[in-house]
Amino acid sequence: MSDKKSLLKNPRVIIFIILLLGSIVAIHPGYTPGKGTTSNLNFGLDLEGGSWLQIKLEGALAQIDVDSGKLVSGIVEPIIGAPIEITKNDLDAGGSANKSITFTTSASVSASQLEYLGTVSVDKLSGNTTQVTISDTSKESLIQAYLSKALDAEVVIPEKSTQDGIVYEIRTAVTEEQLEALLEKVGGSIHKNEDGTSTYKEGVSTETRDLTKSILSDKLNSLGLKDIPVRTVGDEYILIDFAGIDLATAKEIAEKPGKFEIRIQTTGNETEHVLYGDSIETVGIPSFHDEQWHTSFTLDDKGARTLQKIALETGAIDNPDSHYLKMYLDGVEIYGAPLSESAAEKLREGPIYSWEASTGSDEAAKAEATALQVHLRAGALPVNVQLVGSGHVDAGLGAQFKTAAMVAGLISLVGVAAVVYFKYRRPEILIPMVGTSTSEVIMILGVAAVIGWQLDLASIAGIIASIGTGIDHLVIITDEVLYEGKLPPTRVFKSRIGKAFTIILGAASTNIIALSPLVVMGFGSLKGFAITTIIGVFIGVIFARPVYGVVIKELLHVDEIGNGSVTE
Amino acid sequence: MATGLAEILDNFVKSHDDRQLLALPLAILAVSLVILLVSFVSTGSPVNLGMDFQGGTQISIETANSPAVLEKMYSSYPITDVRQTGSRVIMQFGVMDNKQQSQLEKDVMGNYSNVQIQQVGPTYGKDLQVQAMQALGISFIGMGIVVFLLFRTFVPSFAVILSAFSDIVIAAAFMRVAGVELSLGTLAALLMLIGYSVDSDILLTNRVIKRRGTVEEKVSRAMHTGITMTTTTLAALASMYIISTFSYLVIPSFTQITLLSQISIVLIAGLFADIMNTWLLNTGILRWYAMKPEFRGRYNR
């Protein structure tokens with residue numbers, strides 16, 4: 001049997017066999033009495049049972065053009081009910097923070113009305129002229145403050161936005177028309193790109209999407225639900241899979257916020273309750289200043305007053321170092337630090353609404369500040385979300401699907417084999433063909449096991465489809481090789497195989513190109529189908545089909561010598 | 001069957017001139033385009049949009065109750081359709097608010113077993129419609145580019161692209177007539193058809209313009225290979241269709257798998273169209289091109 005030996009010396013055949021064995025090891029099929037068959041394959045929710053939620057993050061991104069003077073007039077005049085005259089304005093000067101604007105007006109102004117814009121000082125110049133200076137502010141923070149108040153939502157500047165102009169992220173659903181109308185009131189507009197298109201974009205920044213994702217993951221983990229995959233689809237959608245959990249429970253879990261609490265140290269290890277997460281109004285993005293990483297947050301009136309009262313009662317103001325402020329999420333301490341001296345002094349006078357928690361100066365501190373930002377939100381998501389899709393499959397039904405899909409796959413293979421046998425009527429063609437096709441399926445499953453891909457119904461459809469294309473290509477090879485009805489000399493054989501592969505590669509590239517939009521676009525459930533089919537085509541073209549060419553040559557060669565002639 | 005069909009088709013192609021070959025596929029393409037156009041004018045969409053693209057909720061349960069009973073039972077919800085397949089009933093609901101949705105889900109899961117629920121919000125459905133059109137467009141253009149790169153001559157490439165286009169149009173018209181809705185599954189099938197349908201066209205064109213031999217002989221050989229290819233694929237798809245659609249008639253514990261059933265039926269329709277388009281439409285154009293006097297028999301020797 002010299003043919004067998006030469007086959008096993010062919011490097012293509014060796015690689016093929018190694019991959020095939022590797023795949024079987026990766027799939028690790030097994031049978032445990034009582035439990036049934038086991039393997040390393042992961043199955044999707046529609047085959048295992050469970051539920052999934054798909055949520056859309058509502059928000060908008062835009063660059064904004066506005067004259068700083070008009071902006072201040074537009075914000076202030078409706079509040080104080082009188083026209084203002086700007087006397088000094090350095091908002092447009094370079095540098096980012098700590099700028100100021102001064103104006104005079106005939107109406108009487110109280111500082112608290114304008115406090116959300118910056119540090120406000122009010123001077124009565126004469127009987128009916130009041131001079132107001134807003135400092136510690138900037139044009140950007142005024143735009144943020146204005147939009148935030150008008151839309152009752154957070155407005156932030158994503159970190160990466162400063163390269164081609166500042167982008168504002170509005171963390172609530174707002175249409176382009178609504179935003180344009182709001183800006184018109186302060187003499188501004190949405191910035192247009194050079195080509196005249198609007199910079200308005202529905203959606204949220206990548207950072208916000210990732211923050212939302214980590215808050216969700218965090219929350220699910222803190223509930224003891226490990227391994228719940230939270231995937232992002234594009235910048236706008238998040239997909240959460242709840243294996244083995246029914247839809248109603250899944251919705252409850254996703255909607256229920258975590259329990260966040262601030263306590264203050266009294267004596268020794270004793271602590272006293274100060275406030276819960278519902279008192280936290282906004283949470284800022286971690287920032288680096290004064291050589292420390294900080295996470296800022298603001299408290300509502302009740303929270304700020306309670307904190308002041310308890311700080312006074314416990315003596316934290318006089319001796320901050322023995323009265324740490326501690327933060328807890330679901331009963332676990334996540335942060336603890338003393339009041340800063342300046343904060344302690346300020347608390348003597350009155351409540352503080354804007355706080356910053358500092359974590360240190362190194363990379364670990366940055367990570368801690370980021371984690372704190374997630375925790376402070378206590379499961380409250382940074383943006384409004386809308387449930388755009390959900391699904392549920394009972395475990396029993398999933399098992400039925402799994403069996404039926406496997407049966408469909410097997411019957412497909414049998415059906416294909418029948419057609420091939422009917423056409424060629426030669427077992428030495430049928431066996432390698434079906435063998436190659438089966439090996440391709442095993443290798444696809446092997447890849448799935450290695451990369452931890454979840455096989456869902458759509459993926460199984462993809463596998464069945466690749467059985468179809470795979471056989472097509474083997475038919476091309478066979479007919480090309482047997483162009484005259486019998487095996488040609490080796491030299492001709494090689495050129496024939498080459499010709500067959502020109503056709504196969506052309507066909508395979510169109511298959512891959514045609515399905516690639518599904519891989520990139522946001523159709524959650526069809527990604528599996530597309531990826532499986534594409535993997536199948538690759539494995540087939542690169543590993544399996546060349547080997548088929550080699551094997552069929554050997555087998556037909558033996559046959560040719562054995563029978564003397566070939567009939568079709 | 002494969003050989004038989006190839007013989008019949010081969011004789012038909014040999015005994016008819018190029019114009020006659022084009023007549024049937026072009027007529028069917030025209031009828032399909034009219035079907036899609038009429039549908040577009042009357043409903044605003046060339047095919048029936050399924051729940052994935054319109055929003056709504058689909059609930060499938062195992063029950064002994066008849067559809068009529070269930071329709072009455074859930075009449076306080078926006079129920080639009082109830083269908084029975086074997087021991088299962090599929091109920092289709094319109095768009096509901098979150099509270100009503102949760103109430104319905106709790107009710108169903110409390111009372112029935114083997115429940116499957118799928119819900120799509122209307123805004124997401126709209127997003128998907130746009131993406132679906134983009135996906136089809138990108139996929140088709142990508143296929144066209146690959147075909148042009150492969151053959152680098154206009155007429156043969158055009159013939160391949162036209163026959164792929166016709167496959168998609170006929171499959172879509174089939175969906176409209178047979179009442180198969182456009183879902184994510186059938187969209188995937190249409191995309192797949194774009195890739196699949198050119199396999200045999202590439203084989204044909206490659207053989208005719210890159211090989212020696214008479215055009216008649218090359219077409220005939222390509223046809224025998226091509227028909228075998230398409231029949232094997234049809235065998236795989238027919239098995240998938242039968243198992244996913246009718247297996248519950250034989251084995252009561254099995255259930256219909258809508259996704260697999262839809263993907264396979266659309267591909268089957270498209271591949272039948274492909275047999276006609278490859279071996280009549282594409283062959284007609286290619287044969288006319290290869291026999292043009294200015295090539296002085298370059299492709300026919």
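Why is Ile243(B) classed as buried? The reason is that 28 other C-beta atoms lie within 10 Å of Ile243(B), the classes being buried at 20 or more other C-beta atoms within 10 Å of a residue's own, exposed at 12 or fewer, and partly exposed in between, with C-beta atoms placed from the backbone.

This is a predicted model, in which local features need pLDDT of at least 70 and side-chain atom pairs count only at pLDDT 80 or more, while totals for chains, interfaces and linings use all residues. Residues are numbered from 1 along each chain as its sequence is written, and chains are lettered from A and ligands numbered from 1 in the order in which they are written.

Ile243(B) belongs to helix α9 of chain B, residues 215-250. Helices (H or I, at least four residues) and strands (E, at least two) are DSSP runs, numbered from the N terminus. Beyond its neighbours within four places in sequence, Ile243(B) is in contact with Ala404(A), Val407(A), Ala408(A) and Ile411(A); contact means C-beta atoms, placed from the backbone, within 7 Å. Gln256(B) is 13 residues from Ile243(B) along the chain, and their C-alpha atoms are 8.2 Å apart.

Strand β3(B), residues 88-93, has Val89(B), Met91(B) and Phe93(B) on its covered face and Arg88(B), Ile90(B) and Gln92(B) on the uncovered one. Two strands pair if DSSP finds at least two bridges between them. The pairings of β3(B) are as follows.

| Strand | Sense and bridges to β3(B) |
|---|---|
| β1(B), residues 56-62 | antiparallel, 6 bridges |
| β2(B), residues 79-85 | antiparallel, 6 bridges |

Val89(B) is the bridge partner of Ile61(B), and Ile90(B) that of Arg83(B). The hairpin of β2(B) and β3(B) has 2 residues between the strands, and Gly86(B) takes a positive phi near 60° there.

Conventions: Two residues are in contact if their C-beta atoms, placed from the backbone, lie within 7 Å.
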